[in-house]
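Here is a friendly note to read with the structure open beside you. Take the points one at a time and find each place on screen as you go.

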Amino acid sequence: MTALSSAGAAAAQNDILSEIKKQLISRVENASLVNENTNITRDLGLDSLTVMDFIFDLEDSFDISIPMERIAEVQTVADLAQAIIVLQKEAS
Amino acid sequence: MGIFDQYKALQEQHAALASVGQCPDQLQFDDIISPTEATLNGKPTILMGTNNYLGMTFDEGCVQSAIDALKEEGTGTTGSRIANGSYNGHKALEDELTAFYDMDSAILFSTGYQANLGAISALAGRDDYLLIDADSHASIYDACRLSDAQVIRFRHNDPKNLARKLERLQDKPGNKLIVIESIYSMLGDMSPIAEFVAIKKKYGAYLLVDEAHSLGVLGEKGRGICEHAGVEKDVDFITGTFSKSIGTIGGFLLSNVPGLDIIRLASRPYMFTASPPPSVVASARHTLARIAGATDLRERLWANATQLYTGLQNAGYELGPTLSPIVAIRLKDAEKAIALWNGLLDAGIYTNLALPPATPFGWYLLRSSISAAHTPEQIAKAVDICTKIGLELELITLSNSRATNGTSAVNGASETPPCATSETEPTVPPKTGDSTATA
Ligand SMILES: Cc1ncc(COP(=O)(O)O)c(C=O)c1O
């Protein structure tokens with residue numbers, strides 16, 4: 001990987017992380033709880049309905065579909081960003 | 001750590017419910033008197049939450065046909081059709097289902113849950129895609145777990161969201177199977193099926209429709225939402241249950257796609273459970289034979305639904321978006337929802353209490369299902385009691401309540417009945433839903 005493309009990848013990853021955090025913060029009371037290592041269901045106490053709605057919004061933002069089995073593997077914000085990167089690669 | 005410790009939160013929720021009154025899961029009727037009446041804790045109770053849409057459970061012919069079958073063929077089949085062979089009634093019922101729906105083939109399952117589980121898991125294989133509505137019944141969610149296919153959810157009753165998802169899959173090889181329901185079991189809202197059919201055609205996907213709550217309820221001949229919307233020839237698979245309008249138990253899968261029978265050798269929920277017993281098959285056959293001609297019952301059912309829906313709406317309650325035989329009061333406050341449900345029970349009205357996450361938007365639902373067998377007097381009484389308790393609990397106020405007695409609710413029934421042939425206007429905008437596995 002060239003220095004340039006890895007810088008591009010890092011920028012893309014940052015964009016994904018900030019969109020995930022933005023979407024999460026709009027759904028929790030305490031925004032300071034949301035960072036890369038936040039466990040989405042355990043740390044934020046989000047119920048399954050809120051998580052589903054959150055996933056639908058992310059699907060719209062990134063123009064991807066996130067299959068249920070992929071969602072099941074995700075725990076943290078960083079996991080989710082990684083899953084989205086993989087799905088974007090698969091789609092292109 | 002004990003083996004039940006994983007259920008701590010569930011136990012706590014249950015205990016909280018038990019501490020303020022009765023528990024939905026522990027109700028035990030002393031006597032069932034008719035499709036609409038029972039005795040509960042010694043008290044005469046009107047049944048308003050039994051999915052018994054046509055009131056067939058006590059139909060004399062149904063009961064007699066079951067008795068005859070019991071005497072002739074015994075109490076059970078004691079095995080699956082694959083292992084132990086079929087009885088005459090199994091094949092006859094399948095033939096009668098294909099004739100009723102005018103479709104090519106039918107497969108009987110032991111319940112509607114297993115029909116969804118067995119059909120969906122066997123139809124969608126490893127390289128395929130399942131696209132399911134977010135508000136799907138638990139049997140559809142469980143089918144997805146049993147299937148090797150990738151599962152993608154779309155927003156509830158949102159054909160555009162589905163279209164975007166199919167668009168993204170266009171270059172992927174596998175088959176795409178879309179799964180929707182007809183009348184959704186929690187809020188009674190209806191699927192915009194014609195729009196789904198258009199999308200399925202555009203993207204070359206298969207479409208499966210679960211007619212659980214619409215068989216006998218929608219369509220001129222009572223075949224359900226596909227008949228009602230005039231899209232029967234465009235739907236690839238139909239599943240359904242005998243546990244609601246048919247008044248017994250069992251499920252089925254129907255299709256015009258050639259070669260359906262192979263599912264019998266591939267579907268685990270078909271192969272590894274006992275087939276329906278002769279008495280159940282006999283009463284299902286008896287009722288099914290009556291459905292097409294039961295226009296009178298359907299008219300009664302929709303008039304009753306109108307009376308309950310408008311009665312509760314006039315009282316000031318927020319209901320599901322569409323008038324249908326499933327009438328759900330939407331409540332935000334858990335304690336008041338539980339109090340209303342208990343208050344109704346104490347006053348002799350049985351409804352269903354549905355709690356998140358089995359409900360859309362995290363609502364607490366007081367769900368009732370109306371029957372053709374209800375009398376206008378029973379419904380008026382239910383509306384009156386519901387209004388009275390609602391006012392006490394301050395769930396509704398006199399100012400937002402346009403009618404505080406059942407008499408006006410009865411009059412509501414004579415206003416333009418929606419009947420099975422016309423879509424009713426949503427009274428709240430149909431929003432996108434987001435529940436996980438409605439129970
Ligand atoms: C939409 C839907 N599908 C399937 C089922 C399962 O039906 P059965 O009771 O026959 O298992 C139900 C009933 O709970 C349902 O509401």
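1. Two strands pair if DSSP finds at least two bridges between them. Helices (H or I, at least four residues) and strands (E, at least two) are DSSP runs, numbered from the N terminus. With that in hand, look at β1(B) and β2(B): they form a hairpin with two residues between them. S34(B) stands opposite E37(B) of β2(B), and D31(B) has T39(B) as its bridge partner. The two strands run antiparallel and are joined by four bridges.

2. A word on what you are viewing. This is a predicted model, in which local features need pLDDT of at least 70 and side-chain atom pairs count only at pLDDT 80 or more, while totals for chains, interfaces and linings use all residues. Residues are numbered from 1 along each chain as its sequence is written, chains are lettered from A and ligands numbered from 1 in the order in which they are written, and side-chain values use heavy atoms, with hydrogens and water left out.

3. Now widen the view around the hairpin. In chain B, an open sheet of four strands has the order β1-β2-β3-β12, with mixed pairing. Its edge strands are β1 (29-34) and β12 (349-350) of chain B, each pairing on one side only.

4. Is strand β7 (residues 176-181) of chain B mostly covered or mostly open? It is mostly covered, with six of its six residues buried; buried means under 20% relative accessible area, exposed over 50%, and partly exposed in between (1.4 Å probe, protein chains only). In a regular strand the side chains alternate between the two faces of the sheet. K176(B), I178(B) and I180(B) are buried on one side of β7(B), and L177(B), V179(B) and E181(B) on the other.

5. Strand β5 (residues 129-133) of chain B runs parallel to β7(B) and is joined to it by four bridges, with L130(B) partnered by L177(B). Strand β8 (residues 206-210) of chain B also pairs with β7(B) in the parallel sense, over five bridges, and there V179(B) has L208(B) as its partner.

6. Next, the charged pairs. A salt bridge is a side-chain nitrogen of Lys or Arg within 4 Å of a carboxyl oxygen of Asp or Glu, and the whole structure has 25 of them over all chains. D95(B) and K91(B) form one, with their closest N and O atoms 2.8 Å apart. These two residues are four apart in helix α4 (residues 88-101) of chain B, so about one helical turn separates them.

7. R285(B) lies in helix α11 (residues 278-291) of chain B and E96(B) in helix α4 of chain B, so the pair ties together parts 189 residues apart in sequence.

8. Finally, look for salt bridges involving both chains. R27(A), D53(A), D57(A), D60(A), R155(B) and R164(B) are linked in a network of them.
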